[in-house]
Amino acid sequence: MPLHRLLYTSEMALIGSETDIRQQVADIVARSAARNVADGLTGALLQTRGMFIQALEGPLAAIEATFERICCDLRHRRVDLQEFVRADSRVFGEWSMVNITPDRTIEKLFTAAELLSEQEHEAVSAQATIQLMRSLLLTNSTPMTHSSLQSTRFS
Amino acid sequence: MHQLYACITEQHDLRFVAVAAIICALGTYSTFAIGRQVFREQAWQERLAWWATGVVTTSVAIWATHFVAMLAYEPSLEIGFSISLTGASLLVAVLLVGSGAGLVVARPTLPGRIFGGGLIGLAIGAMHYTGMSAYFVQGTLHWDVRTVVVSVVIGIVLGSLSMVVGFHPRRTVRRLAPLLLLAAVCGTHFIGMDALTISFDPSVAIPGGSMNTTILSLLTANAALLILGVSLIALRLWRLNKLRHEAESQRLRDLADIAVEGLLICAGDTITGINHSLERVLCLPREELIGAPLQRLLPDLTAADIPLSHELDAILLDAAGERVPVRVIAQSIVIKAKPHTVVAVRDQRERLRSEAEMHRLAHHDTLTGLANRRRFNEALAERFATRHGEDAFALLVLDLDRFKSVNDTSGHGMGDALLCRVARRLERATHADDLVVRLGGDEFAILKGGGTKLGEIQALAERVIDLLGRPFLIDGHVLNIGASVGIALAPSDGTTPEHLMGSADLALYGAKEDGRGRYRVFEDGMNARIQARRSLEMDLRRAIARQEFTLHYQPQVDARTGAYDGAEALIRWHHPERGVVSPVDFIPLAEETGLIGPLGEWVLRTACTDALTWPAHLTVAVNLSPVQFRDARLATTIRGILAETGLPGSRLEVEITEGSLLQDEQRTLAILRELRTLGIRISMDDFGTGYSSLSYLRRFPFDKIKIDQSFVRQTPEDKDSAAIVRAIAMLGTSLGLKTTAEGVETQAQSEFITDEGCDQLQGYLISRPVPLEAITALFASSPLALTA
Ligand SMILES: Cc1cc2nc3c(=O)[nH]c(=O)nc-3n(C[C@H](O)[C@H](O)[C@H](O)COP(=O)(O)O)c2cc1C
């Protein structure tokens, strides 16, 4: 079955204290991970400067259905699809959904929003973002909660 | 045994013994006949009545047998009876038989019957010996105790046995019962008499007030026979009557069971019958309901409440206590000489369900499941009707920004899928008390519940715009549409549904003018702008009749020779007050209002008439709007105009834009082919803008491509424009189409374009658009051009 992958950005629309918000994001990720396992989807969710950047990959029908639900979700705004392509293999095969919260130093270097706003090289920047998300996960330099890692593998 | 035989034959008057035996036989027969009737009856009153009858007849029979047999006893001495004790003996019989029979009726099991029968047997003995104590004779009575005991025991055993046998399932066995009981009575009596010896004693005096035996015996025998006879006759009549009624009821029940509707028979407020249909509705067997009050099924109703003439809506309680909506109507009938009510119970669930479904269908959009325009109109009218005082509410109307192009390019299936998703997102954006409506096409509305806090309304509009602005992924395609929202508040922006809707539409119009993906709240100024538009529309309608339009012509020349080829007709509107109105302002309005039809015809007719005044080799080019192509009769209209004016088809050229091709392709193609058969030439206008798909040029029968002036103007300096002009010219050559460059203004452009291989030039360099007289003059004085 052919794989598809999408990458989108959105503005967080969560309310509450910093801890509240962290909890809400954790809830979103936990719920998403559970649903994605059932749907054969994998991906990662990164937050930086009040924005979500999410990569989602898997079979077309599941991606479309899940993305439609994400597009009905009022916990974020201005969902902007950066890329929607056919893919040969999964980039986030290890994670049905995983939370990436970059620390300060990385956040300074990594301005995903700016990276993505370079309209001319949309495809390039989407690719770059996806690779960056993956390396952030692998180097594990982020304060991730390991419990949120789902170790279901898709090959 | 011999002794007993001797006792009966020698000491008794045999005629009396015979009478006693007859009474006893009749009595025991009726005991069982009546006994069985007790078991046949259902109602306790009737059981009790028959039980009493049975007890009385049996007791009387036993007692009379004893009494008559005593009269038959001839001890050859003077005898007498004490009245009170004789009466008491009857009472003893009644009491014991009564309790025995009661036991059998109450517990018809084997032990019950053994004991009950035993009691009845005991009654015989008890009665006999009580009766004997009422017997006076001139002598002393000596009892042989053993024989007495035997007589009592015989009575008990045979009585008991008779009851065991009497209700046996087999009829032949049952037949023995009266005989057994007869044997019990006779056995007890005669063995009891055998136990007695009397020794004469003249000192014993018969107490006064004793009865005369012969009269007494006749009276007793007659009374007993009468009682027995009457009981048996009554039993017979009762049984016959019963059977007839049963047959009648059965027939009634059969009829009722055939009926499809539920039927309920009541005596007063007591249920006496229900049919199969009603059993099914209730999920209850009739046995559970018979005798129950009507209110158990129809709470809050009495039989008298149910009308005879029309149906009444009511609630029926089924087995599970579920409330079933029904309609009831009554009819009174007489059953067994008693007035009853038959209640027809019509289950309304199916009807209500289908009505609800019809209502749902009528009020919902079948594609998206949202409320439809009809439901919306009702809801809006109701909001106005129930509004009081300062009560305010908000109406949002929205349409999708790029829906038409999705529908046109990706097909209706995709368009429908998209509309469904839009509907779901709208439901996400709204609250439960908001009414989301699909008005039709890609128009939606939200009748907001709650008040008119501006912040809330704006938040709602923003949510709608945000959610619909997000991409849609359908079948691997990414569709971006977006929505514009117009908001109007009642009552400030409209005090009637139409008025409010108009205001919301104006606000929507404003939002779209602002650029799409916005919302606007209605403002009074919008009205003024729309008024202006309306008045322009009115003027436009009048302008045709008042001949305020004229045609100007811009000549087209051969690029190589400079000779005139013809001219393009361009419309001008001289408004009496506004002055010259640009086509850019009124053509879209004419297209929207449908006025383009008559206007287009006027242009064609005028251009054809005018062209006749020109030299015969010159053509006239007329622009056709995409809207004109929606009319399948376009070709026929043009044919008529040619015939009417006399212009040969070969001198007419029609210019069409891509917009015409984007619509129903088959229809457009058919029109164009027909125009070709009239000799009319077809040119593709504004080529290079829009899609300018190469496939259009292949698929449609064009004669000419007109290169859009936006490219021509920038040649030769701008490289991209120059490349485009070159490419189009080459394309024309390779497809065998003429190319015309529009908007040629300078000599340099003219030279560049001619060099690139364009066939025709048009633009200010040659001439601006001029009135008819001027163009006619130009064409007449053109040997100059021919030599150029
Ligand atoms: C930023 C963001 C990312 C999300 N990612 C996913 C996801 O990957 N998979 C998923 O099923 N739901 C995801 N959701 C949640 C969906 O929007 C939606 O709430 C959820 O799927 C609904 O599930 P439910 O219908 O079972 O409640 C995400 C939500 C947000 C705000």
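1. Buried means under 20% relative accessible area, exposed over 50%, and partly exposed in between (1.4 Å probe, protein chains only). At 2%, B:F32 counts as buried. B:F167 has 21% and is partly exposed, and B:F39 is partly exposed with 27%.

2. This is a predicted model, in which local features need pLDDT of at least 70, side-chain atom pairs count only at pLDDT 80 or more, and totals for chains, interfaces and linings use all residues. Residues are numbered from 1 along each chain as its sequence is written, chains are lettered from A and ligands numbered from 1 in the order in which they are written, and side-chain values use heavy atoms, without hydrogens and water.

3. Over all chains, the whole structure holds 15 aromatic pairs. Rings of Phe, Tyr and Trp (its six-membered ring) pair if their centres lie within 6.5 Å; planes under 30 degrees apart count as stacked, over 60 as edge-to-face and the rest as tilted. B:F32 and B:F167 have ring centres 6.1 Å apart and planes at 50 degrees, so this pair is tilted. B:F32 is in helix α2 (residues 14-40) of chain B, while B:F167 is in the loop between α6 (145-166) and α7 (171-194), 135 residues apart. Helices (H or I, at least four residues) are DSSP runs, numbered from the N terminus.

4. B:F39 also pairs with B:F167: the centres are 5.1 Å apart and the planes at 65 degrees, so the pair is edge-to-face.

5. Ring pairs join B:F549, B:W573, B:F586 and B:W602 in a cluster.

Definitions and conventions: Helix = DSSP H or I, 4+ residues; strand = E, 2+ residues; numbered from the N terminus.
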